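Work through these exercises with the model open beside you. Each task is followed by a solution in steps.

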Amino acid sequence: MGTVSGAALMARSLKTQGVDYMFGIVGFPVQGVAAEAQKAGITYIGMRNEQAASYAAHAAGYLTGRPQACLTVSGPGVIHAFAGLANAKENCWPMILIGGASPVYQNGMGAFQEERQTELAAPYCKFAHDIEHASRIPFYVNKAVRHSIYGRPGPVYLDFPDDIIRAEVDEDEIVDAPRVPEPPRTLADPEAVEATLNALESAERPLVVVGKGMAWSRAEDEVREFIERTQLPFLNSPMGKGTMPDDDPLSVGAARSTALREADLVVLLGARLNWIMHFGQPPRFNKDVRVIQLDIQPEEIGSNVAVETALVGDGKAVVGQLNRALDNRQWFYPAETEWRDTLKAKAEANLKAVQPMIDDDAAPTNYYRAFRDIVDWMPDDAIIIGEGANTMDIGRTQMPNRSARHRLDAGTYGTMGVGLGFAIAAAVTNPDKPIVSVQGDSAFGFTGMEIETMVRYNLPVKLIVLNNGGIGGGIGPLEEGQTVPPGILTYGAHYEGMLEALGGKGFYVEDPKDLRAALDEAMAFNGPTLINVPLNPRAGRKPQEFGWLTT
Ligand code: ADP
Ligand code: MG
């Protein structure tokens with residue numbers, strides 16, 4: 001029997017487990033790991049900062065349904081990638097971080113980039129462990145993958161020291177481990193299924209909220225059948241968008257605040273009552289609202305609001321149970337109710353409030369006018385990435401999704417700077433789909449150098465920067481000698497020129513009348529493009545009923 005190196009065994013084990021992508025930065029001690037990954041048939045994408053690489057890894061995990069890998073050097077490399085671990089944990093998305101580490105025999109000696117990596121990674125992870133012997137690599141990879149996708153998905157960490165990477169082990173000493181099967185699809189208590197349908201029949205103002213847990217569990221067919229059969233009004237969460245088509249007639253997304261505030265029964269499908277859902281509490285919710293909650297994680301049930309009925313199980317399986325239980329009932333929510341009228345009137349009023357901004361051809365433009373052309377141009381199968389304060393919030397209302405897992409944004413953790421890593425992940429895992437990222441100028445800047453990664457791998461990502469020269473709001477050009485306010489960025493900065501310099505194609509669109517032509521030209525270009533759209537720095541949103549983060 002021959003021998004195999006720790007690096008090669010890691011690559012082999014990852015491939016066995018369905019880890020097909022690795023995003024990282026090489027250096028001591030992991031060069032060999034990346035090279036072996038390529039030999040094993042894993043697509044390796046070399047990035048410019050571990051932070052962006054870790055964002056790419058968990059977006060790729062969400063999109064493919066298996067955890068994908070991030071590979072970093074020891075010490076600072078691992079620390080940078082904690083940004084992605086934390087974001088993955090908050091979003092409930094899988095990923096494996098493989099952190100290179102200083103050699104075990106130098107532990108405690110002040111080795112190069114020595115750090116207590118596993119200890120520090122643990123709070124962000126479902127499972128974090130050192131690999132103490134090369135022969136056990138398959139065992140640890142199997143265990144890490146299982147933890148990352150069974151139950152509520154999340155990130156895992158494996159610490160991979162230099163001497164273990166370089167170790168040679170006999171093939172017959174290897175502790176082999178099989179491929180982790182797809183997560184078991186657990187069913188809810190049948191009594192809870194019936195109780196859910198009874199509750200719906202008794203509700204006057206029901207609302208279904210579709211979250212990214214449903215997108216993750218590939219439950220779109222079941223959710224669509226459920227909504228079609230029950231005719232219930234529904235709302236997609238920001239990344240649940242597309243699980244039900246946003247432009248479905250039963251969507252009440254355009255009357256979100258009213259729907260949440262006045263519903264008497266809310267059915268949460270794979271969505272949490274956290275800050276994004278205003279904790280399920282007054283004044284954003286009715287104080288007597290009844291809640292039915294579907295979640296794979298039992299501990300999530302009852303968070304912030306007591307729950308009337310708990311559907312604990314896998315999203316796809318449990319909504320399938322609801323659909324089968326519906327076979328025995330004639331019931332559906334009637335076509336004409338006061339509730340539907342209220343929601344329809346509110347949606348129409350909201351649309352009317354923004355119509356003048358949509359129709360405004362003035363230059364520099366405003367968000368709504370820019371989104372008008374972007375939406376007209378957007379291909380139906382595009383994976384859309386949205387990021388930035390106003391850019392993301394307004395984009396959520398203006399850019400619809402029609403398919404599940406086609407929307408990525410700052411998510412539960414509200415992380416700015418995820419956009420370019422997410423776009424790279426979407427492009428490499430979905431080479432047949434258009435990838436469109438719409439970011440604010442601040443969001444773009446966090447990981448802007450990843451445009452070089454896009455050029456190097458010729459990833460045809462279409463970047464659009466809605467540029468108001470500020471974090472949140474801008475003020476336009478500064479006056480001579482004016483102290484630079486903390487939230488101000490260079491107004492009119494030519495970010496498209498950076499991409500041009502690196503080999504992509506850039507556009508600077510000052511007049512909204514030129515936007516559509518630029519978008520078409522960008523789509524026709526076979527490579528990364530960046531359309532930089534200076535905005536009127538005072539362009540804002542429609543007046544909001546509740547301020548940002550109001551509970
Ligand atoms: P959103 O931001 O879209 O509201 P959240 O991330 O807050 O979504 O909530 C998603 C929920 O989905 C989490 O509580 C998670 O435990 C749950 N979840 C994850 N996987 C599954 C699954 N397979 N079936 C059901 N629920 C799931
Ligand atoms: Mg800005």
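**Exercise 1.** Find which element gives the most to the lining of the second largest pocket.

Solution. This is a predicted model.
- Start with the volume of the second largest pocket, about 600 Å³.
- Next, take the lining: 36 residues, with Pro 153, Lys 212, Gly 213, Met 214 and Trp 216 closest to the pocket's centre.
- H9 gives the most, with four residues.

**Exercise 2.** Sort the lining of the second largest pocket by class.

Solution. Nonpolar residues number 16. Twelve are polar and eight are charged.

**Exercise 3.** Locate ligand 1 and describe its shell by element and class.

Solution. 
- Ligand 1 sits in the second largest pocket.
- Around the ligand are 20 residues; Arg 152, Lys 212, Ser 237, Asp 295 and Gly 315 come nearest.
- Helix H9 spans 212–216 and strand E12 spans 290–295; each supplies at least two residues of the shell.
- The largest share, three residues, is from H9.
- By class, the shell has nine polar, six charged and five nonpolar residues.

**Exercise 4.** Trace polar contacts of ligand 1 with Arg 152, Lys 212 and Ile 296, using a cut-off of 3.5 Å between N or O atoms.

Solution. 
- Arg 152 places a polar side-chain atom 2.8 Å from an oxygen atom of ligand 1.
- Lys 212 uses its backbone: a polar atom there is 2.7 Å from a ligand oxygen.
- Ile 296 has a backbone N or O atom 3.3 Å from a nitrogen atom of ligand 1.
- Finish with burial: ligand 1 alone exposes 580 Å², and the protein buries 98% of that.

How values were computed: Residues numbered from 1 in each chain as written. Chains lettered and ligands numbered in written order. Predicted model: local features only at pLDDT ≥ 70, side-chain atom pairs only at ≥ 80, totals over all residues. Heavy atoms only, no water. Near = heavy atom within 4 Å. Polar contact = N/O pair within 3.5 Å; in protein donor to acceptor, adjacent residues only side chain to side chain. Areas by Shrake-Rupley, 256 points an atom, 1.4 Å probe, with all protein chains shown as cover. 1 Å grid on protein atoms, 1.4 Å probe; cavity = no way out; pocket = protein on both sides within 12 Å on 5 of 7 lines; lining within 4 Å. Sits in = over half its atoms within 2 Å of the grid points. Nonpolar A, V, L, I, M, F, W, Y, C, P; charged D, E, K, R; others polar. Points joined across faces, edges and corners; volume = space filled by probe spheres on them.
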